[in-house]
Amino acid sequence: MLFRSRPIAQRRARAALDLTAGFVYSQVLFACAELDLFESLREGSLSLQDLSKRLNLAEDPTSRLLAAAASLELIERRGSCKWDLGPIGAALAGNPSALALIRHQSMLYGDLIDPIALLKGKKSASLASYWPYSADEETPNLLAAEQVAPYSALMAASQPIVAEEVLHAYDITRYNCLLDVGGGEGVFIATAARFSPRLNFKLFDLPAVAERARERLQDMELASRVNIFEGNFLRDKLPYGADIVTLIRIIHDHDDQSSITLLKNIRSSLEKGAKLLIIEAMSGVKGAEPLDAYYGFYTLAMGRGMPREVNHIKLLLTKSGFGACRLINNSLPTLTSILEATAI
């Protein structure tokens, strides 16, 4: 019995180590991204001396960082004196979406220095000011360009990996017009336009964000396929005419009542039978269980919202005029889940 239980004890010990050391792991990853280690190794193996020069670090700290990164499979040793990308580092190299999200985490790490104070509401968090609309749900449409620029740029940088995941899992070619509510700078629409050349689009977002979308889509020669609308999606009417609506990383930023208000607003713009896709990480989805911890504390630091179980989101949809909800199978639920609902 003791012999049989040893592998279980070993797994639990390793899990405990990972939980204890997890913050250090994340800091190693952050340092690698910030110092462009993955980009330095993208063209091939390099020696300690070469990497020391590339990273602008002395050889001793460079060696320490390389050993730490290798233990996390970010990089790996080649022979006795060179280093190359590991399996995880290879996936990150040349992936600006993932690297932008990794660099963004430094703000959350700072907010979590005293998690007890955060839980008790005794600590102000920098994430709340980074997402300015989280503190002003009444008049977010009054936010100036400089206020929306940081978060809008982050969303644009990180959106391609989400868009690719969704569009490989869900066929949009059967629709005529897609409305992206809270569509940011239009990155999802730009990706969807590539998947479905005949599809037309509408984008709705705050005035300052919509202006950024106009510039981006104009530069991408997509302006003729996209109508852009400005306003507050909790208060202003949404444009009619779409047969599918996308809501990407929006619901988990809002409480239940605001979410219902938004969903009802979307429903009022749709004909019966039109589809809505809620695209975000969801609680309790198999393979993505740790996201409860991440998004639970991220939204706490942000100042509003929460990760929700699929059934909870279905309930919000049911209260808002939608039915026939189904979770779409996709390959990376740690990145996002996809919930389809039908206007009834």
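# Close-up views of the predicted model

View 1. Met220 is partly exposed, with a relative accessible area of 42%, where buried means under 20% relative accessible area, exposed over 50% and partly exposed in between, for a 1.4 Å probe and protein chains only. This is a predicted model, in which local features need pLDDT of at least 70 and side-chain atom pairs count only at pLDDT 80 or more, while totals for chains, interfaces and linings use all residues. Residues are numbered from 1 along each chain as its sequence is written, and side-chain values use heavy atoms, with hydrogens and water left out. Met220 lies in the loop between helix H11 (207-219) and strand S6 (226-230); helices (H or I, at least four residues) and strands (E, at least two) are DSSP runs numbered from the N terminus. Although Met220 and Ala190 are 30 residues apart in sequence, their C-alpha atoms are 7.9 Å apart in space.

**View 2. Two loop residues with positive phi.** Most residues other than glycine have a negative phi. Glu221, in the loop between H11 and S6, has a positive phi near 60 degrees, and Glu221 is exposed, with a relative accessible area of 71%. Arg249, in the loop between S7 and H12, has a positive phi near 55 degrees, but Arg249 is buried, at a relative accessible area of 14%.

View 3. Neighbours within four places in sequence left aside, Leu317 is in contact with Leu263, Leu276, Ile278, Phe322, Cys325, Leu339 and Ala341, contact being taken as heavy atoms within 4.5 Å.

**View 4. Aromatic pairs among tyrosines.** The structure holds 4 aromatic pairs; rings of Phe, Tyr and Trp (its six-membered ring) pair if their centres lie within 6.5 Å, and planes under 30 degrees apart count as stacked, over 60 as edge-to-face and the rest as tilted. Tyr170 and Tyr175 form a stacked pair, at 6.3 Å centre to centre with 5 degrees between the planes, and Tyr170 is buried at 3% relative accessible area, as is Tyr175 at 6%. The rings of Tyr294 and Tyr298 have their centres 5.8 Å apart and their planes at 35 degrees, so this pair is tilted. Tyr294 and Tyr298 are separated by about one helical turn, because they stand 4 residues apart in helix H13 (residues 291-302). Tyr294 is partly exposed at 29% relative accessible area, whereas Tyr298 is buried at 7%. Ring pairs also link Tyr294, Tyr295 and Tyr298 into a cluster.

View 5. Ile116, Leu119, Phe297 and Leu300 make a nonpolar surface patch of about 340 Å², to which helix H7 (115-119) and H13 each give two or more residues. Leu300 is in helix H13 and counts as partly exposed at 32% relative accessibility. Patches are made of residues with over 30% relative accessible area and no salt bridge, like charges being joined within 9 Å and nonpolar side chains (Val, Leu, Ile, Met, Phe, Trp, Tyr) within 5 Å. A salt bridge is a side-chain nitrogen of Lys or Arg within 4 Å of a carboxyl oxygen of Asp or Glu, and accessible areas come from the Shrake-Rupley method with a 1.4 Å probe, only the protein chains shown counting as cover for residues.
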